[in-house]
Every structure is written in structure tokens, then in C-alpha cells.
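Please look over the sequence and the structure before reading on.

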Amino acid sequence: MRALTRLTVIETKLMLREIAGPMFTVLLPVALLVVFGLPGSAHKADPALGGHRGIDTVIPSMSVMVSMAMVAFFMLPVVLANYRERGVLRRFATTPVKPAALLGAQLVMNAGVVLASTVLTLVIGVAALGMHLPDLALVVPTFLLGVLGLFPVGLLVASVAGTAKAATAYALAMWFPSAFFAGLYVPVEYMPATLRRIGDFTPLGAFRQAIQAAWTGDTPRPLHLAVLGASFLLAGGLAVRLFRRA
């Protein structure tokens, strides 16, 4: 535990030296919230959203989903692949500190980045955009399940990418279809049934739907929770099996 704490502090300091990436990850979702949350149409009840307003449903869930995806698909795997490329992981094997501690520090630190973005989204949405305060008793555990379901995807990318450029290429290849089926370009409520069904079975799409339901005070669908759980087991298991230091 002491090694994990020390590494988390060190990794956080290293991250803050290259603040552009984390700042972009935090501020982009907030910018999306403001841009889409300011128009009057976002504050009107929408039958397609079950009578809810966009500012209380698709807009905050989009912001949180983008933040989670940016960290899980890009920040986490690119940093670890960069460590492999520079031989950092290999050198860890010669020290008493277990590589698992480095992975744990990365997970904790990156979860903190997503949490900061989510809190900022919540504060600005409620204070400045008239968003209804969500049911935190549902949002918090759903958020944690999203971390558990999506971060292993990033670890899986890191486990097979030999360089930071390769990790970025893999991440981009995952991001565009995942974002589409998660409803970033067109809300899933307006998608054809077939596309919406496909999105239900993608980790990012399942998280988007789960966090949107939790944000409105509804219990997320068992299917979406099961998909996130399966992602944790499958992607996490493969990442552990395939992860290499060199």
C-alpha cells in the first residue's frame, strides 16, 4: 500500500508536468456540456427522452462518457506504452517494487482525472445551466463500474502496443466506432433500432446508457451493467495475460 501511494504521488507529479493532456481531458467534456447545454432546446422536455430534458440526460452523460473514454482509450494506454518504449517497465522488474504497483498508481491517478471532469460537469451544469441535481446514490456506483469496465480496455491496448504511436493508433481505431455506437454523433434515442442494439453491447455504449439512466434517477439496465462487468473480466483478463514489460 505504501508503494502504491508513493507511486501514485510520483505519477501525478509527472502527469502535471505534461498538463496539456489532462487539461484537455477535463475541459473538453465541460466545453461540450456548455455548448450543447446553453440552447433553449436543451431545457425543454423531449418525448424521445421519456419527457426528460436534454440538459438532464443526453448532455451530461455525453460529457462524462467523453471524459471516461479519453482517459481509458488514450491517456492510460499511451503513457504505459511510452513507458515500455523507454524501458521503464523493464527497469521496474529489477526493483523491489512490483509492476502491479505502477499499474495501480496509473489506474488511481487516471480515475482521479475522470472524477475531476465529472465533478466539474456536475457543478457547472447545476450552478450555471439549470441542470437538475442527479441521484448521486446511483451515479457514483455507476461511475465506478464504468472505471472498472473501461479502464481494462486501455490496459489491453497498452499490453499489445509496443510504442506510444502504436497505442494511439489502436486507441483511435477503437474510439471512432465506440463513440458512434455510444451516441456521441447522434443520440442513441434517435438511432435505428439495430444500431442502438449494437451500442448496448459495446462497453462505451453500455456505460453511456447506464450513466444516463443513473443521472435521471433510474436504475441502469441489467444488460448494460452485465456488458461492463464482462468488459472488466474479458479485457482485464487478456491484459494481464498479454502484458509485457519489454
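For the charge count given below, Lys and Arg are taken as positive and Asp and Glu as negative, while His and the chain ends are left out of the count. The model is predicted, and the protein chain in it averages a pLDDT of 89, with 96% of the residues scoring at least 70. The secondary structure of this chain amounts to ten helices and zero strands.

**Fold and dimensions**
- Reading along the sequence gives the pattern α-α-α-α-α-α-α-α-α-α for the protein chain.
- The radius of gyration of the protein chain is 18 Å, which agrees with the value near 18 Å that a compact globule of 246 residues would have.
- Along the principal axes, the C-alpha trace of the protein chain spans about 60 × 35 × 30 Å.

**Burial, surface and charge**
- Of the 246 residues in the protein chain, 48% count as buried.
- The protein chain exposes about 11,700 Å², and carbon and sulfur atoms supply 71% of that area.
- There are 19 positive and 9 negative side chains in the protein chain, and the centres of these two sets lie 16 Å apart.

**Confidence by helix**
- Confidence is lowest in helix H4, covering residues 88-92, where the mean is 75, and highest in helix H9, covering residues 203-215, where the mean is 96.

**Met68 in helix H3**
- Met68 is found in helix H3, and Met68 counts as buried because its relative accessibility is 0%, where buried means under 20%.
- When neighbours within four places in sequence are set aside, Met68 is in contact with Val114, Phe143, Gly146, Val147, Leu150, Phe151 and Phe207.

**Met70 in helix H3**
- Met70 also has its place in helix H3, which covers residues 58-85, and Met70 is buried because its relative accessible area is 13%, again under the 20% cut-off.
- Apart from neighbours within four places in sequence, the residues in contact with Met70 are Phe24, Thr25 and Met75.
- The C-alpha atoms of Met70 and Val26 are separated by 9.3 Å, although the two residues are 44 residues apart along the chain.

Note on methods:
Residues are numbered from 1 along each chain as its sequence is written. This is a predicted model: local features need pLDDT of at least 70, side-chain atom pairs count only at pLDDT 80 or more; totals for chains, interfaces and linings use all residues. Side-chain values use heavy atoms; hydrogens and water are left out. Helices (H or I, at least four residues) and strands (E, at least two) are DSSP runs, numbered from the N terminus. The radius of gyration is taken over C-alpha atoms; the globule rule is 2.2 Å times the number of residues to the power 0.38. Buried means under 20% relative accessible area, exposed over 50%, partly exposed in between (1.4 Å probe, protein chains only). Accessible areas come from the Shrake-Rupley method with a 1.4 Å probe; for residues, only the protein chains shown count as cover. The place of a charge is taken as NZ of Lys, CZ of Arg, CG of Asp or CD of Glu. pLDDT is the predictor's confidence in each residue, from 0 to 100. Contact means heavy atoms within 4.5 Å.
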